[in-house]
Amino acid sequence: MGALDGKVAIVTGAGRGIGRSEALLLASEGAKVIVNDVGASLQGMGDDKHPAEEVVELIKAGGSDGAVNASDVSSWQGAHDLIHQAIDTFGQLDILVNNAGILRDKMCFNMEESDWDDVIRVHLKGHFATSHHAAVYWRGRAKAGEDVSGRIVNTSSEAGLFGNAGQANYSAAKAGIASLTWVLARELGRYGITVNSISPRARTRMTEGLFSEMDKSDAGFDKFDPNNVAQLVAFLASDEAADVSGQNFVVFGGDIWAMGGFHPVGELHRDSAWSITELAEAKSELFKDASPGIPPFSFF
Ligand SMILES: NC(=O)c1ccc[n+]([C@@H]2O[C@H](COP(=O)([O-])OP(=O)(O)OC[C@H]3O[C@@H](n4cnc5c(N)ncnc54)[C@H](O)[C@@H]3O)[C@@H](O)[C@H]2O)c1
């Protein structure tokens with residue numbers, strides 16, 4: 001008995017890295033999995049179906065079922081075809097894990113228009129396009145009187161939550177995904193759909209060389225194994241998480257933080273507008289419990 005027996009899942013960007021671990025774990029828990037991956041380089045160039053094909057082979061060798069989809073998730077038609085491949089191949093869709101992503105890290109003054117457009121397109125539109133087409137399908141089923149138990153798990157990042165220098169495009173897209181998660185959760189809850197996002201840390205080609213302690217394992221526990229992240233995703237995809245929605249989790253090794261979103265760190269109130277001079281005088285009151293400077297990157 002697996003936690004996802006009878007479910008059909010899509011994982012985007014599942015040929016490598018975190019998505020690969022997610023697809024393999026969902027399948028080992030009983031889900032049939034569409035393994036989407038355009039097979040791009042880290043910067044989003046090229047296409048190669050082999051990584052996705054290998055993941056499907058592993059899924060089948062493990063006794064579950066899967067199929068390759070090579071759509072670009074940031075294409076409206078490609079996202080439509082991806083959702084409908086799951087329905088046409090396996091008869092239904094229950095779980096959508098939006099994970100595909102690319103990087104074009106540059107300081108804002110060096111960034112080219114295409115670096116901005118491509119990263120925003122793959123991450124932000126790539127999350128919305130698939131979610132839109134899945135939502136059309138699930139809402140249609142709910143309106144036809146069927147019981148729907150849909151799951152969307154998005155992939156944000158600490159770069160989006162805190163803003164990382166050198167990643168204006170990526171951080172903006174990931175913050176957008178965190179915000180999109182709240183909107184989708186609010187809009188789709190009435191149809192039986194939960195929507196959550198994760199902000200992971202794991203060893204993949206995206207982070208090779210980034211985390212200095214990545215090669216270390218703690219008493220045999222590999223904190224940077226992407227499978228640690230996949231476990232949380234499988235939980236969020238399961239019936240056990242039917243009451244969890246609109247949440248963003250930072251997940252790293254055995255550590256999981258449920259993040260509270262934006263919240264005030266100081267406040268001023270009165271029944272008239274504040275002048276520049278008055279704001280300058282009230283600044284120390286507004287920031288009495290916080291610094292007026294740039295907030296820290298991490299809460300660790
Ligand atoms: N690795 C980390 O520590 C970390 C940290 C924060 C966030 N993330 C996020 O996790 C997700 C997975 O990252 P990863 O580290 O596994 O990277 P990865 O490069 O190993 O995998 C990303 C996969 O997405 C695929 N892809 C890229 N563009 C696509 C498109 N348009 N359509 C379909 N597939 C596409 C790539 O071919 C690749 O296989 C990304 O959204 C990333 O931003 C990762």
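In which sense, left-handed or right-handed, does H4 cross H6? I opened the model with this, and found that H4 passes H6 in a right-handed crossing, the rule being that a crossing is left-handed if the near helix is turned anticlockwise from the far one by less than a right angle, and right-handed if clockwise.

Before going on, I noted that this is a predicted model, in which local features need pLDDT of at least 70 and side-chain atom pairs count only at pLDDT 80 or more, while totals for chains, interfaces and linings use all residues. I also noted that residues are numbered from 1 along each chain as its sequence is written.

**Helix pair.** I looked up the packing of H4 and helix H6 (residues 168–188), and found an angle of about 15° with the axes 9 Å apart; axes are lines fitted to C-alpha atoms, for helices over the stretch in contact, and angles run from 0 to 180 degrees between N-to-C directions. For the contact (C-beta atoms, placed from the backbone, within 7 Å) I listed residues including Trp116, Ile120, Leu124 and Phe128 of H4, and Ala173, Ile177, Leu180 and Leu184 of H6. The residues of this contact divide into 13 nonpolar, 5 polar and 2 charged, where Ala, Val, Leu, Ile, Met, Phe, Trp, Tyr, Cys and Pro count as nonpolar, Asp, Glu, Lys and Arg as charged, and the others, Gly among them, as polar.

**Sheet.** I then traced 8 strands forming an open sheet of mixed pairing, in the order E3-E2-E1-E4-E5-E6-E7-E8; strands are DSSP runs of at least two residues (E), helices of at least four (H or I), numbered from the N terminus, and two strands pair if DSSP finds at least two bridges between them. The edges are strand E3 (66–69) and strand E8 (255–259), each of which pairs on one side only, and the twist averages 20° from one strand to the next. Strand E5 (residues 150–155) runs parallel to E6 and is joined to E6 by 6 bridges. H6 came up again here, lying across E5, E6 and strand E7 (248–252) and running at about 160° to E6.

**Ligand shell.** Finally, I counted 33 residues around the ligand, the closest being Gly13, Gly17, Gly101, Thr204 and Met206; a residue is near a molecule if its C-beta atom, placed from the backbone, lies within 6 Å of it. By class I recorded 12 nonpolar, 16 polar and 5 charged residues. Helix H1 (17–28), helix H4 (113–143) and strand E6 (193–201) each supply at least two residues of this shell, and H1 gives the most, with 3 residues.

Terms used:
Contact = placed C-beta atoms within 7 Å.
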